[in-house]
Each structure stands twice: as structure tokens, then as C-alpha cells.
Amino acid sequence: MKYRSAFDIIGPVMIGPSSSHTAGAARIGRVARTLFGHQPKKAIVHLYGSFAETYKGHGTDLAIAGGLLDFDTFDQRIPQALQLAKEANMEVEFVIESTVTEHPNTVRLQLLDDEKELEVVGVSIGGGTIEITELNSFKLKLSGENAAILVVHNDQFGVVSAVTTVMANNEINISHMEVSRKEKGKMAMMVIEVDQKLDDAVLKEIEGLPNVTQIIKMVE
Amino acid sequence: MVFRSVAELVELAESKQVKIAEVMIQQEIEVTGLTREEIIAKMDRNLTVMEQAVERGLKGVVSVSGLTGGDAVLLQNYIKSGKSLGGNLLLDAVSKAMATNEVNAAMGIICATPTAGSAGVVPGTLFAVKEKLNPTRMEMIEFLFTSAAFGFVVANNASISGAAGGCQAEVGSASGMAAAAIVELAGGTPSQCAEAMAITLKNMLGLVCDPVAGLVEVPCVKRNAMGASNAITAADMALAGIKSRIPCDEVIHSMYLIGQTMPTALRETAKGGLAATPTGKRLEAEIFGRQKQTQN
């Protein structure tokens, strides 16, 4: 089921005018920033479908920039977000795409700074609810609502069980988990959503495991 | 257990002999792990946002584009004149629904119910019916949980996105949710709530999403007005004992199928319907031409 909570329906509290094109867009921007780890130097925002056709009228550009600045959906600074992004030395560029995507409200974000680059695809499915469907060309499904970690690792036997053993030893319950890879034996990724809070010690332990190359945390 | 259909929702409420609102609250406790108090407090905050939005809208607002604003006030003044034909409660609901959407269009703070383009119907009807039924604060909060329960089924089985399913998925869903919640607040049974939702949604099937200039203004604000009056009428019909010949879940499924076959031009792309009329296009050119000038 795509919607889990009464507050997906009655909510979010938000700056108008559109839950999918404004609030959802802000949420995607904010989750992308969280995945990146901090404010990027530059963001290239590719808009598809209805996002591409009506982003101006809905303030989608302002909302995404606001999300990248770590604003919540009800932050009154959203209408000034593009100006504020400039002042915060974050370059935001919009690209209007004509490719037809599976869901009409799709955005592809490329976030960059001197050290790294991250590509995130987000979909605003309605009522402000979002899904992250792609990360550095890994297919995944992430709501952005729950505490989660993404573990990038080498596609070797035993890595999944090593990671889940750390979780078990720390009494952390997994609510959702996905494993995917680009090519057999090469780079792979785990998406793990959990019920409990993940403290830094646990993350460090996982990061130190053999064959684990990177950890991205998404903790509320 | 999580309910997946309106039939299951009604069955749960009737077998436990509780309100639909209570079924939603219990599910929320189960799914989120939050306490009852935390969940009620969260909805209370949403209710406060709705109250403040209506209050602000009734003072008169104008959107950034200048296309909408002030109609909620015009209607309130008309009600006060004593000349209204449609009944004061109905028109009050219409005015308060528009007030919310006018604030939304002005980039003010609102609560999406279930979306922001359809944010007016649920609070508009609640605050109008409130004047007659004098509910407690808790009953008003329950009104929102009942709305949520019906919206939850629609969102998971069909869609609440105009881009995916047209306006029937947004204002249609909102109106059905409101109708069901009005019935429960007025003392109707869970089945009557479902009948009200079915009757309302049937009257919204096929409604397209065709916003002028891609703004959530024309015709969105007035579609919320129509949605509010539709919800109150259907609620009265259901309370009178009228039943929908097509069960609620089948109406929801047909809404989904209609959305699937709706052309892209009529699903929030601002390329068809009212957006493509000569006036719609002229307004678009005027608004974005003017914004460009101010940017330069």
C-alpha cells in the first residue's frame, strides 16, 4: 500500500498551492539533500511530465530549491527560496525534459560539490507523499518518512548477513529491506528502513565491515 | 489489521460498534506506534491550521497572479443580505471552502485534504456544519479521521493525484471524504457514510484537471465550492436513507479506470480543457509575460 497513515491524507501542513507540485517537490528536494549529506554547491533539476508542464504555476522550482535548503513543507521562506539559494551560494539549474516517465510527476536531481556527485530520482505520487525511486542509477523504493540507511557495498556473499547481524546485535528491527546491484560481483546496494533510531556507533560499525564501501543515513 | 476497502472499513466499524473515526485512529496507533494522545494532538494541530486558513480567507486574500481571491468574502456578504436561495449552511460551506483555496493560491499555509488543490472541501463543510451541530473539539478531530479513512481507501485503490487521475481524484475524493464525515458527525451509521461517499464520487466521475496557466486557481477554487455543496447534498441524501445502487468500492475503482484512460492533456498539464480556451491562454500569456518583466 502506497499510503500508510491518516496524515498522508489529512496533511501535510504546507505552503500552497499544490500538495504534489509544491509540498511533494519540497520533500523530494529535502530528502535528496539528506542523501547528499549537506547542502550541495550545485543542483541540476530535471523536470518530467506534469512537473515539466506546470512547474512555474505551482512554484515547483521554489519548492525544490527550498527542500535543498532544508526547508520543511510549511516553511514560509519557500516563496523566496530561489533568491535564498543564490544567497547561500547554491546554484540551482532547471532542465525541462520531454521524455515520458512512468509517473507524471517525476524529478531527477543531480547534486554536486567539489568532492562528490549524487543523482536522485523522486516521484510525487499525490497528496504530498513521495517516493525516491532511483539513487545513482540503483533502482529502489524509499519513502523518506522512516529512519533508513543505504549501504553501498561490493556484491559478495555474506555482506547482507554481516550488516543485519550488526542490526540484530543492537536490537534494531528492520521494517523494510531491499537489495539491488548493477552487475553481478560489482557494486551493490542495500536499502534498510528501521523502526528504531540509528545511533552513530551502529553506523560506524556497519561502515567498518568488510566489503562495505559507503553508508548514507536518513534519520529523522 | 489494515482496512483495504470501504466494505472492510464499514465492517470493522460495525462489528466493533465504533465510529469510522475510531477505526482510523486505532489503525494509526498500530501502524505508526505513536500513542493515541500523540495522534489526536497531531490532528488537532492540523485542525488549527484549517481554522486559521479559513479565518484568513474570510478577511480577503489575493493570489500572486491576481486570478483568484475575494470570492469567499463576496459570498459571506451575500448570505448576510438575507437574499440567498440555496440555504445558508450550504453557502457557508461553499464560502469557507473557497476561503481555504484562496489562501492556498496565495501561497499561504493550509493543510492538504487530501491535496492542496482540493484543500477547501473538508474544512469548508466541517466549519459550516459546525454552526448547526455544535460539535465538541474532539468530534471535529474525529471528522478529520473519518475523512482520512475514506481518503485512505481511495488513495490506495485509485489515486488522489490530478496528474494521475484528473480532478475527480482530487476534488472528487475530497468531496466523498467530506460527505462521509458529515454523515458520521450528524449521527449516521458507517454504511450511511459509505453511501454518501459513493453518491458524491459518482457525481464527480470524469472530472478533468485543466488548470489555467498551470496555477491552482482557475477552476480549482470554484471546483472546491461545487465539491462542498455536492458533499452536503449527498450527506443529506444518505441520511434520508437513499442508497447508491453501485457500491462505494466499485465507484472508487471506476474512478481509477476513468483516470487511467484520461488523456494527458486533461491531467494537470494545462494543455486541455479550460486551460486551452482562448481566455485561458490569454491569461497564461499575461501572467507569465508579466512575471518575466518583473524579473528583468
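Visitor: How far apart do the end C-alpha atoms of residues 16–275 of chain B lie, and how much of the span is helix and how much strand?

Guide: Helices (H or I, at least four residues) and strands (E, at least two) are DSSP runs, numbered from the N terminus. In this predicted model, the end C-alpha atoms of residues 16–275 of chain B are 48 Å apart, and the span is 65% helix and 1% strand. The unreviewed UniProt entry places its annotation "domain: Serine dehydratase-like alpha subunit" on residues 16–275 of chain B. UniProt positions follow the numbering used here, feature names are shortened, and annotations may be inferred rather than shown by experiment.

Visitor: Which conventions apply to numbering and to the model?

Guide: Residues are numbered from 1 along each chain as its sequence is written, and chains are lettered from A and ligands numbered from 1 in the order in which they are written. The model is predicted: local features need pLDDT of at least 70, side-chain atom pairs count only at pLDDT 80 or more, and totals for chains, interfaces and linings use all residues.

Visitor: What is the mean pLDDT of chain B?

Guide: The term pLDDT denotes the predictor's confidence in each residue, from 0 to 100. Chain B has a mean pLDDT of 95, with 97% of its residues at 70 or more. Where pLDDT is low, the predicted coordinates should not be read in detail. For the complex, the predictor gives an ipTM of 0.96 and a pTM of 0.89.

Visitor: Do β1(A) and β1 of chain B run parallel or antiparallel?

Guide: Two strands pair if DSSP finds at least two bridges between them. Here β1(A) and β1 (residues 109–111) of chain B run antiparallel, joined by 3 bridges. Opposite I15(A) stands I109(B) in β1(B).

Visitor: In what order do the 6 strands of the open sheet of chain A stand?

Guide: The order is β3-β2-β4-β5-β6-β7, with mixed pairing. Because β3 and β7 of chain A stand at the edges with a single partner strand each, one side of each is left without a neighbour in the sheet. Within the sheet, β2 (residues 42–48) and β3 (residues 91–96) of chain A run parallel over 6 bridges, whereas β2(A) and β4 (residues 105–112) of chain A pair in the antiparallel sense over 7 bridges. K42(A) stands opposite L112(A) in β4(A).

Visitor: Where are domain 1 and domain 2 of chain A?

Guide: Domain bounds come from an automatic or database domain assignment. Domain 1 of chain A covers 14–142 and domain 2 covers 148–218, and their C-alpha centres lie 26 Å apart. In the contact between them, 8 residues of domain 1 meet 8 residues of domain 2. The largest share of the domain 1 side, 5 residues, comes from β7(A).

Note on methods: Contact = placed C-beta atoms within 7 Å.
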